[in-house]
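Dear colleague,

Please find below the structure that I am handing over to you. My notes on it follow.

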Amino acid sequence: MDRRIRLVIDGKEVAAREGERLLWAALENGIYIPHLCAVKDAGRSRAACRLCLVEVEGERRPVAACAYPVREGLEVRTRSPRLDRLVERAFELILSRHRLDCAVCPARSRCQLREIARRRGLQLRLRSLTPLPLPAEIDASPQSFAYDAGRCVLCGRCVEACRERGAGILGFVGRGWERRVATFGDVGRAEAGCRECGECLKACPVGALYPKPNADRSKSG
């Protein structure tokens, strides 16, 4: 049986399973921490989006809540002027490589960028950064869905879902701002052997993966 421990988040004492990642312990206790790349129960957290930074008593620097295991007596802050600046900066970095076309985006109200902006009082526009060139790739090769690289936030959740529950055809290629999600061989998803199980669509937190109009929904989850 999992051992239950007590910790304090934002002055509130909460219970969690020992060793559980701090992000999920907070969310399960009704304490919101923004996140995009985290996948619960994944063997390893990528901590790539840098949105879930928190301050832990005894740690010199903010830590990624998605990768930090809880322990008895831990004291955590999810908000401070330093954290708010870091999270706002990470959020704007993500926006700088994301097509902001919310009015026509298929994600609409389920978009987690909009949810983060609403909960943290952030703006869905660039304030200090210059927009980066957006990748033009749109892979419409599957029958039931399409992938728009210009909306992709590189969270890696589709890659994880495809490896765990799909055909395992996705991965990352490139470095820095040229990094992108691609199939092995860099061909369209259909040619790469996509089974159209829909797991990548369910995992996508934005509108990068979306069902085609009039598609057979049984193939897209």
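Over how many bridges do β6 and β7 pair? They pair over two bridges, in the antiparallel sense; two strands count as paired if DSSP finds at least two bridges between them. Strands (E, at least two residues) and helices (H or I, at least four) are DSSP runs, numbered from the N terminus.

This is a predicted model, in which local features need pLDDT of at least 70, side-chain atom pairs count only at pLDDT 80 or more, and totals for chains, interfaces and linings use all residues. Residues are numbered from 1 along each chain as its sequence is written, and side-chain values use heavy atoms, with hydrogens and water left out.

The sheet is open and has three strands in the order β6-β7-β10, with antiparallel pairing. Its edge strands, each pairing on one side only, are β6 (138-139) and β10 (209-211). D139 has Y147 in β7 as its bridge partner.

Two residues other than glycine have a positive phi: D10, near 55°, and L154, near 60°. D10 sits in the loop between β1 (4-9) and β2 (12-17), and L154 in the loop between β7 (145-148) and α4 (157-165). With a relative accessible area of 41%, D10 is partly exposed, whereas L154, at 17%, is buried. Buried means under 20%, exposed over 50%, and partly exposed in between (1.4 Å probe, protein chains only).

L154 is also among the residues nearest the centre of the second largest pocket, together with A48, I94, V153 and W177. The lining of this pocket comprises 16 residues.

Yours sincerely

Definitions and conventions: 1 Å grid on protein atoms, 1.4 Å probe; cavity = no way out; pocket = protein on both sides within 12 Å on 5 of 7 lines; lining within 4 Å.
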